Amino acid sequence: MKQEKATGMLCRGAALVLAVWCGMTAFAGCAREQTQFVQLRSSVGQQSTTEAEADSQIPEAHSEKVEMIYVYVCGAVRNAGVYTLESGARVFAAIEAAGGFAEDAADESINQARVLADGEELYVPTREELLSSSAVVPENSRMGNTDKEQKVNINTADVSELMTITGIGESRARAIIAWREEHGGFSSTEELKNIDGIAEKTYEKIRDSITVN
């Protein structure tokens, strides 16, 4: 009887140990699965963050639209016509677009570094035109007038009056009028050098015969 009772207690003890072991095994398995799940989520999160950072480093496409201007190039160039250029383009770019200077062009009279304006007419004179315009009116031809009367007001003079200035022919006179209409007049006589064909040397010859007052 005592032996049977001892055997029963031994069996119950073994069963209890087995139950505890199974519970611990199951708990360890769940803990391991949870750890793997957390690691997987962490890995996915890091990958998403890395991809987001990579996307944020991709430069945005340049979407600004380039403004264009239209310039009429004529005179002593190979292919006169209206040309489309980027805003801020300079005279030399317009000359290149027109095929370059013609053989008889007075290219030294053009300020090729000047910035062009939309709707502008860029006229390139020939050497012959420069020579003929220089001979229009002899220098100091108004000796009978006072010094003030000798000077031509480039802000009010018409084409014929401007042509009385030494070195100013019809094409230059019209260019002077077009510039002052576009810019609201000349604030100083030196601004005359903004006109194509009136370089520093030409200005030095005529500055004493012109005024803006």
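## Glu200 and Lys193

With a relative accessible area of 40%, Glu200 is partly exposed. This residue belongs to a predicted model. Glu200 forms a salt bridge with Lys193, and the closest N and O atoms of the two are 2.8 Å apart.

Side chains of opposite charge can pair when their charged atoms come close. A search of the whole structure gives 5 salt bridges.

## The network at Arg114

Salt bridges with shared partners join Arg114, Glu120 and Asp196 into one network. In the bridge between Glu120 and Arg114, the closest N and O atoms are 2.6 Å apart. Glu120 and Arg114 are both buried.

Asp196 also forms a salt bridge with Arg114, with the closest N and O atoms 2.7 Å apart. This pair links distant parts of the chain: Arg114 is in the loop between helix H2 (91–97) and S3, Asp196 is in the loop between H6 and helix H7 (200–206), and the two are 82 residues apart. Asp196 counts as buried because its relative accessibility is 11%, and Arg114 is buried with a relative accessible area of 13%; the cut-off for buried is under 20%.

## The largest pocket

The largest pocket has a volume of about 480 Å³. Its lining consists of 21 residues, and those closest to the centre are Glu120, Glu121, Ala175, Ala178 and Trp179.

Strand S3 (120–124) and helix H6 (170–183) each contribute at least two residues to the lining. H6 has the largest share, with 8 residues.

## Aromatic residues and the surface

The whole structure holds 1 aromatic pair. Trp179 and Phe186 form this pair, which is stacked, with 4.7 Å centre to centre and 15° between the planes. Both residues, Trp179 and Phe186, are buried.

On the surface, Tyr70, Tyr72 and Val82 make up a nonpolar patch, and together they have about 320 Å² of accessible area. Tyr72 lies in strand S1 (residues 68–75). Its relative accessibility of 37% is why Tyr72 counts as partly exposed.

## Overall fold

The protein has 7 helices and 5 strands. Along the sequence, their pattern is α-β-β-α-β-α-α-β-α-α-α-β. Of its 213 residues, 29% count as buried.

How values were computed: Residues are numbered from 1 along each chain as its sequence is written. This is a predicted model: local features need pLDDT of at least 70, side-chain atom pairs count only at pLDDT 80 or more; totals for chains, interfaces and linings use all residues. Side-chain values use heavy atoms; hydrogens and water are left out. Rings of Phe, Tyr and Trp (its six-membered ring) pair if their centres lie within 6.5 Å; planes under 30 degrees apart count as stacked, over 60 as edge-to-face and the rest as tilted. Buried means under 20% relative accessible area, exposed over 50%, partly exposed in between (1.4 Å probe, protein chains only). Patches are made of residues with over 30% relative accessible area and no salt bridge: like charges are joined within 9 Å, nonpolar side chains (Val, Leu, Ile, Met, Phe, Trp, Tyr) within 5 Å. Accessible areas come from the Shrake-Rupley method with a 1.4 Å probe; for residues, only the protein chains shown count as cover. A salt bridge is a side-chain nitrogen of Lys or Arg within 4 Å of a carboxyl oxygen of Asp or Glu. Helices (H or I, at least four residues) and strands (E, at least two) are DSSP runs, numbered from the N terminus. On a 1 Å grid over the protein atoms alone, a cavity is a set of points where a 1.4 Å probe fits but cannot get out, and a pocket is an open set with protein on both sides within 12 Å along at least five of seven lines; lining residues have an atom within 4 Å of a point. Grid points are joined across faces, edges and corners, and a volume is the space filled by probe spheres set on the points.
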